[in-house]
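Please consult the sequence and the coordinates while reading.

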Amino acid sequence: NDAAISSNAASISSNAAAISSHEATISSNTAGISSNAAGISSNEAAISSNAAGISSNAAAISSNEGAIASNTASISDHADSISSLTDAVATATGEGVPGTKNNPAPSCRYILQMGGEAHNGHYWIDHGGAETPYQAFCDMKRGGLELVYKIEHGISGDPYSLWTGGGTNADTTTHNAVYQTGDHFVSDKLESFWDSAGTNLNAVHAGVFNGNRRVAFFSFTAANTDYESWFAADYLVDSSYSDVLTETKNYFSIAGDTTWKREWFINGNYGGCSVDAGWLVLDSNEADTCSWEENYGSVDILYNPTQTIQAIDTYAHADTFGVFVDYDVVYDSCQDALRKTDYRARDGNYWIDHADTTSNQLVYCDMEHGGYELVFKVVHGGRVSPRWDSDSADTQNPDASALWSGSTYDFPIVVGRNVDIHDESNSYGNGEHYASPFRYGAFATSDITVDDIEVRVITNEKTLKFAQFSGFAQDDEDAWFAAAYLGANSWSDLTPSSTFNYFSIAGHSEINRNWFINSYYGGGNVDS
């Protein structure tokens, strides 16, 4: 028993040591738990603080969202008001983009004048009166002309009957284009156009096209014509052919040679199939009359591919033939156009009748500087137009003074070509001068007041130098260009009191120094 007691005592002692060790461990764990509890408490406090911050931020965000929503509603209200005011202004003044369905333009040219799109295409037009707005094909490249008639090569039909017979494919824009679309097009407003347009129908242009490229053209005045009579030599004012205005012609009409159905026929002479010669024919002859009449049962568009009269059997085939009208508002002056468009009109060509003192004239208006009308332009290295026909070398190559003062050089008043500030040599290869008949007509009538005249030196559309003149007596078309009437100009030392040995249009006429403002001669390199 003593041995067993002794053994149990040893076990108890060992267990006590183990218990003591466990207690120490428990004590250590308790301390850790206490430390963790303190950390948890600290984290809970931080979480509580963050939650309070988040709650505060959420309240601020909610408040801001309310303000944003309120501002958005206010902006929307203002936008509606602005839109409403814009619509009201557009309705009242015609502002907005002209040529759209909601804002049709009175003409193709008007779209350009108001700074609209400059590419060829379909636009909404409203001539006013009883007509409703409609879509027209506008040739913007040539100033805003409206297509009213197109004939396609190789399509059956009689061109003359189509012109006189009412609309063809007029209810859609599918074939209302100058290029090939697979059928002809005739406006259903064709005949009434001449009646309803009145004096606003200013010019008519007939063109021959391959694709979108115009290969020949004829321009006519529309004054005192009807929808058939305009296509005649008496009304022709310009053409891509240099001799068609002066050469003898045996046919020049829409009906043409009715026996052989040679229509839209501009021809010089008959002398047998191989020598028949002229400029244009739309042939729908079904008989084998001449070898060049080969497109039986459909229209053959034949045109002279040179610039002078040629035999028809040398003609080329074209894709389409089109007729365009130049219908536009006619103003008293460039300033009148500027005022009547609420000063929105842009630089460009406008139809002007000078307060009924001239017939309708297509002029270039400088709207940026207040409505100046271009009446004269001399191109560096240029020449007179071939339309000014003369055998005289002096007339064909005049000096700049003669260009101003000679009525020989009046440019046809309905021709848009060259009537701007550009050097046209890049476009037409001739660098032609321009002289408006109004340049001296303005001095010949008391019904016109010339406020001032401005002379400019221009390169690439940029004015390099200028001089203004005013206060002159309006009875001499040459006297205004003088020191006494000189005003604002680009030279700091050029004044009416400056010393001059020449200040006139004629200038030193003996050696053709015209439009000459010069101080003195000192020989060669010191003339100033």
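Q: What percentage of the residues in the chain is buried?
A: The model is a predicted one. A residue counts as buried when its relative accessible area is under 20%. Of the 528 residues in the chain, the share that is buried is 39%.

Q: How many helices and how many strands does the chain have?
A: Secondary structure here is assigned as DSSP runs. On that basis the chain has nine helices, and its strands number 25.

Q: Is serine 187 buried or exposed?
A: Serine 187 is located in the loop that runs between strand S4 (185-186) and helix H4 (190-197). Beyond its neighbours within four places in sequence, serine 187 is in contact with Val148, Gly167 and Ala170. Its relative accessibility is 9%. Because the limit is under 20%, serine 187 counts as buried.

Q: Over the ring of which residue does the charged end of lysine 189 sit?
A: For a charge to sit over a ring, NZ of Lys must be within 6 Å of the ring centre. The charged end of lysine 189 is 4.2 Å from the centre of the ring in question, which belongs to tyrosine 134.

Q: Is the pair of tryptophan 230 and tryptophan 264 stacked, edge-to-face or tilted?
A: The structure holds 36 aromatic pairs. In the pair of tryptophan 230 and tryptophan 264, the ring centres are 6.0 Å apart and the planes meet at 50°. Planes under 30 degrees apart count as stacked and those over 60 as edge-to-face, so this pair is tilted.

Q: How many residues apart are tryptophan 230 and tryptophan 264?
A: Both tryptophan 230 and tryptophan 264 are buried. Tryptophan 230 belongs to the loop between strand S6 (213-221) and strand S7 (236-239), whereas tryptophan 264 is in strand S9 (residues 262-269). The pair thus links distant parts of the chain, with a separation in residues of 34.

Q: What is the angle between the planes of tryptophan 404 and tryptophan 515?
A: Tryptophan 404 lies in helix H7 (residues 400-405), and tryptophan 515 in the loop between strand S24 (502-504) and strand S25 (516-518). Tryptophan 404 is buried, at a relative accessible area of 4%. The two rings form an edge-to-face pair, 5.5 Å centre to centre, and the angle between their planes is 90°.

Notes. Residues are numbered from 1 along each chain as its sequence is written. This is a predicted model: local features need pLDDT of at least 70, side-chain atom pairs count only at pLDDT 80 or more; totals for chains, interfaces and linings use all residues. Side-chain values use heavy atoms; hydrogens and water are left out. Helices (H or I, at least four residues) and strands (E, at least two) are DSSP runs, numbered from the N terminus. Buried means under 20% relative accessible area, exposed over 50%, partly exposed in between (1.4 Å probe, protein chains only). Contact means heavy atoms within 4.5 Å. Rings of Phe, Tyr and Trp (its six-membered ring) pair if their centres lie within 6.5 Å; planes under 30 degrees apart count as stacked, over 60 as edge-to-face and the rest as tilted. A charge sits over a ring if NZ of Lys or CZ of Arg is within 6 Å of the ring centre and within 35 degrees of the ring normal.
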